[in-house]
Amino acid sequence: MCTPNWKEIDCGTKDNPKFITEYECLGNPDLGKEYADLLKKNSQTSFFSGHASIAWASASFIFFYSREKFQFYARQSVVVKLHRIVQLLCIGLAIYVSYTRIGDYWHHPTDVFVGAVVGIMCQYLNAHYLM
């Protein structure tokens, strides 16, 4: 994505490598200049995915909260079946949001994974220790 000009960068030797902090990204010439500039701008601002974090936090909250509130209903009641459907829909929506963040090239998979973990952990702590 970045495609730095390696001819102008001094990486040092095998025995004495240099840590490179100053370089210019040339971008991918196959992409349009406007799109390449947008990718360059967003390539360093993606960690972690706020969309995935919010989606998973919302789905986790509904999952944990409804699990606690409906645990005393009979297993075969309509309310329990309905709440399980709602839980699955929320998790499915969180998966969809996570997938689209990767599929639209806004985030790397690790960014989305960390966002999901942060969202789930926040709601786990919220549901088990604060509510």
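## Aromatic cluster

F63, F64 and Y124 are linked into a cluster by ring pairs. Rings of Phe, Tyr and Trp (its six-membered ring) pair if their centres lie within 6.5 Å; planes under 30 degrees apart count as stacked, over 60 as edge-to-face and the rest as tilted. The model is predicted: local features need pLDDT of at least 70, side-chain atom pairs count only at pLDDT 80 or more, and totals for chains, interfaces and linings use all residues. Residues are numbered from 1 along each chain as its sequence is written, and side-chain values use heavy atoms, with hydrogens and water left out.

A pair of aromatic rings is described by the distance of the centres and the angle of the planes. The count by this rule is three aromatic pairs. F63 and F64 form an edge-to-face pair, at 5.7 Å centre to centre and 75° between the planes. F64 and Y124 have ring centres 5.8 Å apart and planes at 70°, so this pair is edge-to-face. It links distant parts of the chain: F64 sits in helix 2 and Y124 in helix 4 (residues 109–130), 60 residues apart.

The classes are buried (under 20% relative accessible area), exposed (over 50%) and partly exposed (in between), with a 1.4 Å probe and protein chains only. F64 is buried at 10%. F63 is partly exposed at 27%. Y124 is partly exposed at 33%.

## Overall fold

The protein has four helices and zero strands. The element order from the N terminus is α-α-α-α. Helices (H or I, at least four residues) and strands (E, at least two) are DSSP runs, numbered from the N terminus.

Of the 131 residues, 29% count as buried. Contact means heavy atoms within 4.5 Å. Among contacts between residues at least 6 apart in sequence, 65% join residues at least 24 apart.

## Helix 2 against helix 3

Two packed helices are described by the angle between their axes and the distance between the axes. The axes of helix 2 (residues 50–69) and helix 3 (residues 78–103) come within 9 Å and cross at roughly 170°. Axes are lines fitted to C-alpha atoms, for helices over the stretch in contact, and angles run from 0 to 180 degrees between N-to-C directions. Helix 2 and helix 3 are therefore roughly antiparallel (over 145 degrees; under 35 is roughly parallel, 65 to 115 roughly perpendicular, the rest oblique).

By class, the contact has twelve nonpolar, five polar and two charged residues. V97 lies in helix 3. V97 touches H51, A52 and A55, not counting residues up to four places away in sequence. V97 and V112 are 15 residues apart in sequence and 9.4 Å apart in space, C-alpha to C-alpha.

## S49 in the loop

S49 lies in the loop between helix 1 (33–42) and helix 2. S49 is buried, at a relative accessible area of 0%. A polar atom of the S49 side chain lies 3.1 Å from the backbone nitrogen of A52.

Beyond residues up to four places away in sequence, S49 touches R101, H107, D111, V112 and G115.

Key. Nonpolar A, V, L, I, M, F, W, Y, C, P; charged D, E, K, R; others polar. Polar contact = N/O pair within 3.5 Å; in protein donor to acceptor, adjacent residues only side chain to side chain.
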